[in-house]
Amino acid sequence: MKPGGFARLERMKGLPRLAAGIVLCALLKLAWTGAGGASPAGVGRWEEEIRAFERSDRTNPPPPGAVWLVGSSSIRLWTNAAAHFPGQVVVRRGLGGAHIREVTDALSRLVLPYGPRVIVLYAGDNDVAEGLTAEAVLQDFRRFVERVRSEQPAVPVVYSAIKPSPARLRWLEVAREANQRIRAWCESQSGVRFVDVFTPMLDSAGRPRPELFVADLLHMNESGYRLWAERLGPVLEELAPPRPERLR
């Protein structure tokens, strides 16, 4: 045998073992993600954030019967939301940059086990900006409601309209159409409400009002959140009247 032949032979013997290992890894990945390629609920880019919420909830469980604000960064950054809704117990679960589908995936871990009184969703902004059509956003919202109904059939769901941001002006019409489709669907459903924050965030020329936003022209300042609270407040009072003990 030529010099180095034994080494090459040993390497060749190891090839079937390596190939088997690759196949095994592929099968495990398929089993983990499922036939459709979707990650299990909450698994993926938000897993660390979701686990952090779960750790916090074990030591400081959210109160039952709260109003839950869930969604993307506009919820995550609404740090004084509770102050805008006196008489309500408010819990926030915001995943910055999340799509409706991702929030839906996280529901069974972050929201539904705690007996929410009302669920308010703000998401869809990132979906539109990453190329989803208005119809696709509507269908994702419908799946969100179906997921809530599967475990909490009596809990009202409120959709806060996709906001018009100066930084995302190019997607304004898609956001408008998505809002219109979601609004029409909500009006055909029992226990599902649409709150229009889109229209009052436009100026007289129909463009987003920059004074409602921070420097990035994507996320809102206190004026923007105050406007949201003014629109959401009456709906929450109707769906979840403040309890007497919260008014003391």
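These legends walk through close-up views of a predicted model.

**View 1. Confidence along the predicted chain.** The average pLDDT over the chain is 86, and 80% of the residues score at least 70. Two stretches call for some care. Over residues 6-16 the pLDDT stays under 50, and the model has three contacts beyond four places in sequence for this stretch. Residues 18-43 also stay under 50 in pLDDT, with 15 contacts beyond four places in sequence. Where pLDDT is low, the predicted coordinates should not be read in detail.

**View 2. Helix 2 packed against helix 5.** Two packed helices are described by the angle between their axes and the distance between the axes. For helix 2 (residues 47-59) and helix 5 (residues 100-110), the angle is about 25° and the axes lie 11 Å apart. Because angles under 35 degrees count as roughly parallel, helix 2 is roughly parallel to helix 5. Their crossing is right-handed. From helix 2, the contact takes in Glu47, Ile50, Arg51, Phe53 and Glu54, which meet Ala106, Arg109 and Leu110 of helix 5. Sorted by type, the residues of this contact are four nonpolar and four charged, with no polar ones.

**View 3. Helix 5 packed against helix 7.** Here helix 5 meets helix 7 (residues 134-151) at an angle of about 10°, and their axes are 9 Å apart. These two helices are therefore roughly parallel to each other. On the helix 5 side, you will find Ile100, Arg101, Val103, Thr104, Leu107 and Ser108 in the contact. Helix 7 contributes Val137, Asp140, Phe141, Arg143, Phe144, Arg147, Val148 and Glu151. The residues of the contact between helix 5 and helix 7 comprise seven nonpolar, two polar and five charged.

View 4. Follow the chain to the loop between helix 5 and strand 3 (118-122), and you reach Pro116. Is Pro116 buried or exposed? Its relative accessibility is 5%, so Pro116 counts as buried, the cut-off for that label being under 20%. Leaving aside residues up to four places away in sequence, Pro116 touches Ala66, Trp68, Val111, Gln152 and Val155. Val91 makes a handy distance check: Pro116 and Val91 are separated by 25 residues in sequence, while their C-alpha atoms are 9.2 Å apart in space.

How values were computed
Residues are numbered from 1 along each chain as its sequence is written. This is a predicted model: local features need pLDDT of at least 70, side-chain atom pairs count only at pLDDT 80 or more; totals for chains, interfaces and linings use all residues. Side-chain values use heavy atoms; hydrogens and water are left out. Axes are lines fitted to C-alpha atoms, for helices over the stretch in contact, and angles run from 0 to 180 degrees between N-to-C directions. Helices (H or I, at least four residues) and strands (E, at least two) are DSSP runs, numbered from the N terminus. Angles under 35 degrees count as roughly parallel, over 145 as roughly antiparallel, 65 to 115 as roughly perpendicular and the rest as oblique. A crossing is left-handed if the near helix is turned anticlockwise from the far one by less than a right angle, and right-handed if clockwise. Contact means heavy atoms within 4.5 Å. Ala, Val, Leu, Ile, Met, Phe, Trp, Tyr, Cys and Pro count as nonpolar, Asp, Glu, Lys and Arg as charged, and the others, Gly among them, as polar. pLDDT is the predictor's confidence in each residue, from 0 to 100. Buried means under 20% relative accessible area, exposed over 50%, partly exposed in between (1.4 Å probe, protein chains only).
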